[in-house]
Amino acid sequence: MRILFVTSTRLGDAVLSTALLSHLLRAHPEARFTVACGPVAAGVFQPMPRLERLIVVEKRPLSLHWPWLWAQVVTTRWDLVVDLRASALAWMVPARRRAVGKGGRRPGHRLGHIGAALGLHPPPLPVAWTSPENEARAGALMPGGPWLVLGPTANWAGKVWPAERFIATARALTAPDGPLPGARVAVIGGPGETECAMAAPVLAALPGALDLVGRLEVPEAAAVLRRAALYIGNDSGLMHLGAAAGAPVVGVFGMSDAREYAPCGPRAVAVSAEGPHGTTPMEALPAAPVIAAAARLLAAPIAA
């Protein structure tokens, strides 16, 4: 059985789409998978079990990436094509069965929209695949513990919680009377000068913090996040990756809507600034409710 899976160019949506792939891996243990995604998301799928081919789709002028992708897959007769990009591709290649997601913004969480493509209500949770090499590197970078991992960056400045709030939160949580007394701090972020600049004030204020900004491939970041006693971060692909990896995650929201993109994991919560959903500045979210949410999450029993 051969399955073609067309998914997002964005890291967060790609992570959420692993919920469908994990379901298909369980439902079709004989299947081999071809995944098509954008360059930023490619690392999500590289360690995936039974991955036959990973097609990295670079965006091209005049949407010419779609004819290019069609040429890559049209010569195979697929048993199932899943297209979460809501393109015409699924109808232009030979397939026994097709499942096409709906495009556009609409109410409800994005994971529910993704699950609906296969009629999964409720949808399963996303997963994070890693290799033994990824896990070994994470272990070498983060020996011992506990580790508090901070994600103070995002792909849009409107999603970024002020650096001083991350600093105050980290100090409160790792204080002798905090829920993670003496925990070491790691700061994680994506590549590029912009994300480095977002993280710089946090790193400067927390001497001894491990700087992992722009230094990890996606599956390495998943392995690092799996070792976190707690992850606190902005609405970003790394937040979704941490939740998928099973880390306790507190996602902070203001100018993006937690009703649509809250982290999805066995121990994941969102804390939003008080005000209209998706339009309230991040500056309106103080540190205290984030600290309180983190303490509750850490004190909650782990489900069997």
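1. A residue is called buried here when its relative accessible area is under 20%, exposed when that area is over 50%, and partly exposed in between. The model is a predicted one, and Ala-86 gives a case of the middle class, since its relative accessible area of 33% makes it partly exposed. Ala-86 lies in the loop between strand E4 (80-83) and strand E5 (98-100), and its phi is near 55°, a positive value in a residue other than glycine.

2. On the overall fold, the protein has 11 helices and 11 strands. Its radius of gyration is 20 Å, close to the 19 Å that the globule rule gives for 304 residues, so the protein is as compact as a globular protein of that length. The C-alpha trace spans about 60 × 45 × 40 Å along its principal axes, and 55% of the 304 residues count as buried. Among contacts between residues at least 6 apart in sequence, 59% join residues at least 24 apart.

3. In soluble globular proteins, nonpolar side chains tend to be buried together. In this model the largest nonpolar core holds 62 residues, of which Leu-20, Phe-45, Val-82, Ile-188 and Leu-241 touch the most other members. Helix H1 (residues 11-27) gives the most to this core, with 9 residues. Apart from this core lies another, of 29 residues, with Leu-148, Leu-150, Leu-173 and Ala-294 among them.

4. Not counting residues up to four places away in sequence, Val-82 touches Leu-4, Phe-5, Val-6, Leu-20, Leu-24, Ala-99 and Leu-118. Leu-241 is found in helix H9 (residues 237-244) and is buried, with a relative accessible area of 3%; leaving aside its neighbours within four places in sequence, Leu-241 is in contact with Val-15, Ala-128, Val-218, Ala-221, Ala-222 and Leu-225.

5. Which residues make the contact between helices H6 and H7? Helix H6 (residues 163-174) and helix H7 (residues 193-205) pack at an angle of about 35°, with their axes 9 Å apart, and their crossing is right-handed. The contact is made by Ala-163, Phe-166, Ile-167 and Arg-171 on the side of H6, and by Pro-201, Val-202 and Ala-205 on the side of H7. These residues divide into 6 nonpolar, no polar and 1 charged.

6. Most residues other than glycine have a negative phi, and most peptide bonds are trans. Pro-122 is placed in the loop between helix H4 (110-116) and helix H5 (132-141), whereas Pro-146 lies in the loop between H5 and strand E6 (147-151).

7. Leu-62 also has a positive phi, near 60°, in a residue other than glycine. Leu-62 is found in the loop between strand E3 (51-56) and helix H3 (65-73), and counts as exposed because its relative accessibility is 79%.

8. Towards the end of the chain, Pro-301 lies in the segment after helix H11 (287-299). Is Pro-301 buried or exposed? At 76% relative accessibility, Pro-301 counts as exposed.

Note on methods: Residues are numbered from 1 along each chain as its sequence is written. This is a predicted model: local features need pLDDT of at least 70, side-chain atom pairs count only at pLDDT 80 or more; totals for chains, interfaces and linings use all residues. Side-chain values use heavy atoms; hydrogens and water are left out. Axes are lines fitted to C-alpha atoms, for helices over the stretch in contact, and angles run from 0 to 180 degrees between N-to-C directions. Helices (H or I, at least four residues) and strands (E, at least two) are DSSP runs, numbered from the N terminus. A crossing is left-handed if the near helix is turned anticlockwise from the far one by less than a right angle, and right-handed if clockwise. Contact means heavy atoms within 4.5 Å. Ala, Val, Leu, Ile, Met, Phe, Trp, Tyr, Cys and Pro count as nonpolar, Asp, Glu, Lys and Arg as charged, and the others, Gly among them, as polar. A nonpolar core is a set of buried Ala, Val, Leu, Ile, Met, Phe, Trp, Tyr and Cys residues joined through side-chain atoms within 4.5 Å. Buried means under 20% relative accessible area, exposed over 50%, partly exposed in between (1.4 Å probe, protein chains only). The radius of gyration is taken over C-alpha atoms; the globule rule is 2.2 Å times the number of residues to the power 0.38.
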